Amino acid sequence: MTALSVNLNKIAVLRNSRGGREPDVLQAGIACLDAGADGLTVHPRPDARHIRADDVEALGALCRHRAVEFNVEGNPFAPPRPGYPGLLALCEAVRPAQVTLVPDGDGQLTSDHGFDFARDGAALRPLVAAFKALGCRVSVFVDVGDPDVAQAAACGADRVELYTGPYAEAFAAGTPQAALAAAAATARLAQAAGLGVNAGHDLNQANLPAFLAAVPGVLEVSIGHALIGEALYAGLAPTVRAYRALVRAAA
Ligand SMILES: CC(=O)[C@@H](O)[C@H](O)COP(=O)(O)O
Ligand SMILES: NCC(=O)COP(=O)(O)O
């Protein structure tokens, strides 16, 4: 069965847009777990644009208390800076069940590519070992179609996460077949090398079923951007009704 990990980055985007605590990332995490999510994901970025170090600590404690997986994503090569201690230091403090290594540059709007093993493999190997020494399962973000995906195993990783952005785009354009076949082939290559397979980025309620039907043995999907947007749509009507009732009751 595929596990669902809910990515809470977008709750923190809203919170940070006003300062203060609302919407509360921890409360959102509790709601997701109460609703049956198998775990929580965050991707603290060095510019602290959404999830901050204190969120990682609070959510880590929640996941430990609830005995569910906490997945922390980030670039292991990004140096510490004020407000961001670096991915390894964060994980040393929080000890998430899983860390997902993602090769994002500083100014990136969002994640948009996997590792280049020919370039980064040698540097990744000791870092993967350092995260594993903390007790974290290590997953590595990879491009669908990467012929070198098995190199993740040589780096010591336990899993890969297939970057599903291009699949989501192809699905939206009505032409998902090639992307699905490529994702299935990459998953098989990884699995043949002994790696578990996760997937994520721009998955949503429309494109997820076809992906899981076509790609064998996906252990986990992490979903945030679309899920939070869909939650807004699903929650707007009852929330407006509740406010309307308050307004009417006061009249
Ligand atoms: C690693 C990955 O796929 C990303 O989806 C990421 O977690 C999203 O980050 P942002 O929420 O900052 O776009
Ligand atoms: N690893 C992918 C993730 O956590 C969520 O990506 P998205 O759904 O926000 O695009």
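This is a predicted model: local features need pLDDT of at least 70, side-chain atom pairs count only at pLDDT 80 or more; totals for chains, interfaces and linings use all residues.
Which residues in H3 meet Leu90, Ala93 and Val94 in H4?

On the H3 side, the residues are Ala53, Val56, Glu57 and Gly60. Sorted by class, the contact between H3 and H4 consists of five nonpolar residues, one polar and one charged.

Now the geometry of that pair. Two packed helices are described by the angle between their axes and the distance between the axes. Helix H3 covers residues 53-66, and helix H4 covers 87-94. Their axes come within 10 Å and cross at roughly 30°. Angles under 35 degrees count as roughly parallel, so H3 is roughly parallel to H4. The crossing of H3 and H4 is right-handed.

Is Phe77 buried, exposed or partly exposed? Phe77 has 15 other C-beta atoms within 10 Å, so Phe77 is partly exposed. As for where Phe77 lies relative to Leu246, the two are 169 residues apart in sequence, and from C-alpha to C-alpha they are 51 Å apart in space.

Last, ligand 2. There are 13 residues around ligand 2, and those that come nearest are Asn7, Gly200, Ser222, Gly224 and His225. Which elements give two or more residues to this shell? They are strand S8, residues 218-223, and helix H10, residues 225-250. By class, the shell around ligand 2 has seven polar residues, three nonpolar and three charged.

Methods:
Residues are numbered from 1 along each chain as its sequence is written. Chains are lettered from A and ligands numbered from 1 in the order in which they are written. Helices (H or I, at least four residues) and strands (E, at least two) are DSSP runs, numbered from the N terminus. A residue is buried if 20 or more other C-beta atoms lie within 10 Å of its own, exposed if 12 or fewer, and partly exposed in between; C-beta atoms are placed from the backbone. Axes are lines fitted to C-alpha atoms, for helices over the stretch in contact, and angles run from 0 to 180 degrees between N-to-C directions. Angles under 35 degrees count as roughly parallel, over 145 as roughly antiparallel, 65 to 115 as roughly perpendicular and the rest as oblique. A crossing is left-handed if the near helix is turned anticlockwise from the far one by less than a right angle, and right-handed if clockwise. Two residues are in contact if their C-beta atoms, placed from the backbone, lie within 7 Å. Ala, Val, Leu, Ile, Met, Phe, Trp, Tyr, Cys and Pro count as nonpolar, Asp, Glu, Lys and Arg as charged, and the others, Gly among them, as polar. A residue is near a molecule or strand if its C-beta atom, placed from the backbone, lies within 6 Å of it.
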